[in-house]
Amino acid sequence: MTAPQAEPGRPPAEAPIIELRGVTKVYGEGALAFQALKGVDLRIAQGDFVAIMGPSGSGKSTAMNTLGCLDRPTTGEYLFKGVHVEALSRDERALLRRRYFGFVFQGFNLLARTSAQENVELPLLYRGESAATRKAAAARALDAVGLKGWEHHTPAELSGGQQQRVAIARAIVTEPVVLLADEPTGNLDTQRSHEIMELLWRLNAEQGITVLMVTHEPDMAEYARRMVRFVDGVVDSDTLNPHPVGLRGKPAPVVAAHASQGVA
Ligand code: ADP
């Protein structure tokens, strides 16, 4: 079979940064086996902002774990920048994860009794960066999330919204290409939730970070350009949002430009 030819006069469509092809995931074995993903196809372009929605148990977390290279599909293919993730070893996946992905969780997952600065430095410590490099990068990341001046506060001395900002600073300090956020506003009140969404929107719009966010809240999903809905282990709908909230409204607070994306 010959390779498909591009139409004359038309540039070939840009390859997606992420592509799932027929991904299934089965937990357990034999009579106890449970199929959490039943054949997921998904293409995500670099710079997209996708809200992942759907009822509890529909496979969202399983899909996120797969996308974040934490887990492997049972069958099917996962291409990240053209690399077959499903064929990588655990160590290779860890390298890919550390190089390209940032993670934000509902519960912030910060180290208690540890300053904001040290929390943000942690991923760089794992990378073996020098103290001076870590300090400068953490200061930049905290500035980018609006926490300049809060470097020495511990999580207990910060509001929920500020703790999530620290967690976002920790996620972006490594200059990820993709940010995976699992219900990032799930523990926050409405006002703080919108502030966090504006921050994610700016990271996407101004720095080009691809954002994939699980949310149960339609108001928060409105910030995304695209909404993917899971039902019973498959993508039930995949729609574009013609008017993402961040583009509609008020001027967003100024955020310091973070270092450019290190796309290899
Ligand atoms: P969601 O994030 O949409 O709530 P999940 O991906 O967490 O859905 O779960 C999908 C289904 O897979 C659920 O029925 C859940 O019970 C099951 N499941 C998830 N993780 C495991 C696991 N480690 N072992 C067995 N079943 C699991």
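Modeller: In the largest nonpolar core, which has 41 residues, Phe49, Ile168 and Leu200 touch the most other members; a nonpolar core here is a set of buried Ala, Val, Leu, Ile, Met, Phe, Trp, Tyr and Cys residues joined through side-chain atoms within 4.5 Å, and buried means under 20% relative accessible area, with exposed over 50% and partly exposed in between, for a 1.4 Å probe and protein chains only. At least two residues of this core come from each of strand S3 (49–53), H3, helix H4 (131–144), H5, strand S7 (178–182), helix H6 (190–207), strand S8 (210–214) and helix H7 (218–221), where helices (H or I, at least four residues) and strands (E, at least two) are DSSP runs numbered from the N terminus. Leaving out residues up to four places away in sequence, Ile168 touches Val104, Val145, Ile196, Leu199, Leu200 and Leu203, contact meaning heavy atoms within 4.5 Å. A second, separate core has 29 residues, among them Val50, Leu212, Val214 and Phe230.

Before going on, please keep in mind that this is a predicted model, in which local features need pLDDT of at least 70 and side-chain atom pairs count only at pLDDT 80 or more, while totals for chains, interfaces and linings use all residues. Residues are numbered from 1 along each chain as its sequence is written, and side-chain values use heavy atoms, with hydrogens and water left out.

The chain as a whole has 8 helices and 10 strands, and 47% of its 264 residues count as buried. Among its contacts between residues at least 6 apart in sequence, 70% join residues at least 24 apart.

The buried residues of H3 are Ala116, Gln117, Asn119, Val120, Glu121, Leu122, Pro123 and Leu124, and what covers them includes H4 and H5. Two packed helices are described by the angle between their axes and the distance between the axes, and each of these two neighbours can be taken in that way.

With H5 first, the axes of H3 (residues 116–126) and H5 (residues 160–172) come within 7 Å and cross at roughly 30°; axes are lines fitted to C-alpha atoms, for helices over the stretch in contact, and angles run from 0 to 180 degrees between N-to-C directions. That makes H3 roughly parallel to H5, because angles under 35 degrees count as roughly parallel, over 145 as roughly antiparallel, 65 to 115 as roughly perpendicular and the rest as oblique. The crossing of H3 and H5 is right-handed, the word used if the near helix is turned clockwise from the far one by less than a right angle, and left-handed if anticlockwise. On the H3 side Ala116, Asn119, Val120 and Pro123 take part, and they meet Val166, Ala169 and Arg170 in H5. The residues of this contact divide into 5 nonpolar, 1 polar and 1 charged, with Ala, Val, Leu, Ile, Met, Phe, Trp, Tyr, Cys and Pro counted as nonpolar, Asp, Glu, Lys and Arg as charged, and the others, Gly among them, as polar.

Turning to H4, its axis and that of H3 come within 9 Å and cross at roughly 120°, and the two helices are therefore oblique to each other. This crossing of H3 with H4 is right-handed. From H3 the contact draws on Ala116, Gln117, Val120, Glu121, Leu124 and Leu125, and from H4 on Arg134, Lys135, Ala137, Ala138, Ala141 and Leu142; these residues divide into 8 nonpolar, 1 polar and 3 charged.

Apart from neighbours within four places in sequence, Gln117 is in contact with Arg134, Lys135, Ala138, Leu142 and Glu151. After H3 comes Gly128, whose phi is positive, near 80°.

Most residues other than glycine have a negative phi, and most peptide bonds are trans. Elsewhere in the chain, Cys69 has a positive phi of about 60° although it is not a glycine; Cys69 sits in the loop between helix H1 (60–67) and strand S4 (75–80), and counts as buried at 0% relative accessibility.
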